[in-house]
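Biologist: I've got a structure open and I'd like to go through the labels one by one. Can you tell me what stands behind each of them?

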Amino acid sequence: SYTVHASPSVGARPNRASSEIVRDCVTGIRRRASPIAARTRGDAPAALQHALAAQEFLTKAERPQPILAASLKSDIAYALMLSNRLDEADTEYAAAMTAYREVGGASSPGTIAILNNWALLSRNVGDVKRALEVVDEAIAIASRGDASAAIPPYLAVNRASALLSLGRIDEALVAVERALAIAAAVKSDVARFHALAVKAGV
């Protein structure tokens, strides 16, 4: 299985309102906390430091932005996960989704990758049942309730993997074939590789 992390960016514009300036400042800090930056540097503690700095900056802003605060919590969770502080990361992912729900953003596209990463964390701490539940929540958002709708290939692969780990073999076989079909449709060799790895374990 593999991860995708949501990290929205904000472009600068002239004559902006103070709330937009705050958002740009926070975004500038959090870019240094992004998973890509952390992996490139191999420095998860620094990623966490910058994510926490962005959060502190936002809390002191004249006009805090709840949706950005919720997204920052997921940055912190990811940085904690990279630092192998799994229990703390789990708590932050839960807090991030609670914050999204409180501002009506729980069904936004940005939460799909957050839920996927949380599901992978759940697997890492041995809670495969919850991992499947979280992946299914992400799939429901991605498909908007349409069972035949296309979903991101990483969700399809991770669902198949979770079903296999739970011993639900028949369901895992169906899920992995769906993952392979999605991978072929979007021409993703990475997704195909991971789906075949799951299939080999069935």
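Modeller: Read along the sequence, the pattern is α-α-α-α-α-α-α-α-α-α. That comes to 10 helices and zero strands. Helices here are DSSP runs of H or I with at least four residues, strands are runs of E with at least two, and both are numbered from the N terminus. This is a predicted model, where local features need pLDDT of at least 70 and side-chain atom pairs count only at pLDDT 80 or more, while totals for chains, interfaces and linings use all residues. Residues are numbered from 1 along each chain as its sequence is written, and side-chain values use heavy atoms, with hydrogens and water left out.

Biologist: How do you know where confidence is lowest and where it is highest?

Modeller: From pLDDT, the predictor's confidence in each residue, on a scale from 0 to 100. The protein averages 80, and 77% of the residues score at least 70. Helix 1 (residues 18-31) is lowest with a mean of 54, and helix 9 (residues 169-185) is highest at 95. Over residues 4-18 pLDDT stays under 50, and the model has 29 contacts beyond four places in sequence for that stretch. A contact means heavy atoms within 4.5 Å.

Biologist: How do you know that the length of helix 3 agrees with what a helix should span?

Modeller: The expected span is 1.5 Å times one less than the number of residues. Helix 3 has 16 residues, so it should span 22 Å, and its end C-alpha atoms are 23 Å apart, which agrees. Its buried residues include Ala44, Leu48, His50 and Leu58.

Biologist: What makes a residue buried or exposed?

Modeller: Relative accessible area, with a 1.4 Å probe and protein chains only: under 20% is buried, over 50% is exposed, and in between is partly exposed. Of the 202 residues, 45% count as buried.

Biologist: Then why is Asn84 called exposed?

Modeller: Its relative accessible area is 59%, so Asn84 lands over the 50% cut-off. Asn84 is in the loop between helix 4 and helix 5, and its phi is near 65°, a positive value in a residue other than glycine. Most residues other than glycine have a negative phi.

Biologist: And what makes Lys187 exposed?

Modeller: At 73%, Lys187 is over the 50% cut-off too, so exposed is the word. Lys187 is found in the loop between helix 9 and helix 10, with a positive phi near 55°.

Biologist: What makes a set of residues a nonpolar core?

Modeller: They must be buried Ala, Val, Leu, Ile, Met, Phe, Trp, Tyr or Cys residues joined through side-chain atoms within 4.5 Å. The largest one has 47 residues, and Met81, Tyr93, Leu115, Trp118, Leu121 and Leu155 touch the most other members. Helix 7 gives the largest share of this core, eight residues. Leaving out residues up to four places away in sequence, Leu121 touches Met81, Leu86, Ala89, Asp90 and Tyr93.

Biologist: Why is the aromatic pair of Tyr93 and Trp118 called stacked?

Modeller: Rings of Phe, Tyr and Trp (its six-membered ring) pair if their centres lie within 6.5 Å; planes under 30 degrees apart count as stacked, over 60 as edge-to-face and the rest as tilted. Tyr93 and Trp118 sit at 6.5 Å centre to centre with 20° between the planes, so the pair is stacked. The pair links distant parts of the chain, Tyr93 in helix 5 and Trp118 in helix 6, 25 residues apart. Both Tyr93 and Trp118 are buried. A search of the whole structure finds one aromatic pair.
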